[in-house]
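Thanks for coming, everyone. Please have the sequence and the 3D view open. I'll walk through it stop by stop.

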Amino acid sequence: MVVAFTCCLYMVFCCALGAKLKNVDAGSAAQKTSTQIFFQSAMICAVNQVASVIYVSMNFIDVPFWLIVLGHVLWELGHGAPAFIYMNFNRTLRNGVLRKLGLKKSKVNASTAHHSGRTNVSTIH
């Protein structure tokens, strides 16, 4: 029942996001962002759903060892996959993490540097 209920909830969630996508202007930045959110959510839901189906089926039928291993790996990925999915497909989050780690420099806008009283080498022409 839990797997069936979870599947239904994921379907409702994806349908609700899909309905929101229809209200957004085609080709706009909002439409691109909404599509990315839908794609990321669907991927996270898919990992959790497949892991759940494998675990439930293992309780009722004999499954090969490779399917047991796959079930365990997907269960672990269900907890770690959102971080990997967001880092791969969410540019804003990825850039923020890279800046926090010092692997990417923050972009300072020329008008921001001028108004804040700071002199930035990149703003001097």
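Start at Lys105. Lys105 sits in the loop between helix H4, residues 91–100, and helix H5, residues 110–116. Remember that this is a predicted model. Is Lys105 buried or exposed? Its relative accessibility is 74%. The cut-off for exposed is over 50%. So Lys105 counts as exposed. Now look across to Asn95. Lys105 and Asn95 are 10 residues apart in sequence. In space, their C-alpha atoms are 9.3 Å apart.

Now the overall layout. How many helices and strands does the protein chain have? Five helices and zero strands. Read from the N terminus, the order of elements is α-α-α-α-α. The protein chain has 125 residues, and 18% of them are buried.

Ala51 lies in helix H2. Its relative accessible area is 5%. Buried means under 20%, so Ala51 counts as buried. Which distance separates Ala51 from Gly78 in space? From C-alpha to C-alpha, 7.6 Å. Along the sequence, Ala51 and Gly78 are 27 residues apart.

Next, the record. In an unreviewed entry, UniProt lists residues 1–18 as "signal peptide". In the model, that span is 94% helix and 0% strand. The C-alpha atoms at its ends lie 25 Å apart.

The UniProt entry, again unreviewed, also gives "transmembrane region" at residues 37–58 and 65–87. What does the model show there? Residues 37–58 are 100% helix and 0% strand. Their end C-alpha atoms are 32 Å apart. Residues 65–87 are also 100% helix, with 0% strand. Here the end C-alpha atoms lie 31 Å apart.

On to the surface. Phe65 belongs to helix H3, residues 65–89. Phe65 has 65% relative accessibility, so it counts as exposed. Which residues form a nonpolar patch with Phe65 on the surface? Val69, Val73 and Leu77. Together, the four have about 360 Å² of accessible area.

Lys32, Arg91, Arg99, Lys104 and Lys107 gather on the surface as a patch of positive charge. Take Lys32 from that group. Lys32 is in helix H2, residues 29–60.

Quick recap. Ala51 is buried. Lys105 is exposed.

How values were computed
Residues are numbered from 1 along each chain as its sequence is written. This is a predicted model: local features need pLDDT of at least 70, side-chain atom pairs count only at pLDDT 80 or more; totals for chains, interfaces and linings use all residues. Side-chain values use heavy atoms; hydrogens and water are left out. Patches are made of residues with over 30% relative accessible area and no salt bridge: like charges are joined within 9 Å, nonpolar side chains (Val, Leu, Ile, Met, Phe, Trp, Tyr) within 5 Å. Accessible areas come from the Shrake-Rupley method with a 1.4 Å probe; for residues, only the protein chains shown count as cover. A salt bridge is a side-chain nitrogen of Lys or Arg within 4 Å of a carboxyl oxygen of Asp or Glu. Lys and Arg count as positive and Asp and Glu as negative; His and the chain ends are not counted. The place of a charge is taken as NZ of Lys, CZ of Arg, CG of Asp or CD of Glu. Helices (H or I, at least four residues) and strands (E, at least two) are DSSP runs, numbered from the N terminus. UniProt positions are given in the numbering used here, feature names are shortened, and annotations may be inferred rather than shown by experiment. Buried means under 20% relative accessible area, exposed over 50%, partly exposed in between (1.4 Å probe, protein chains only).
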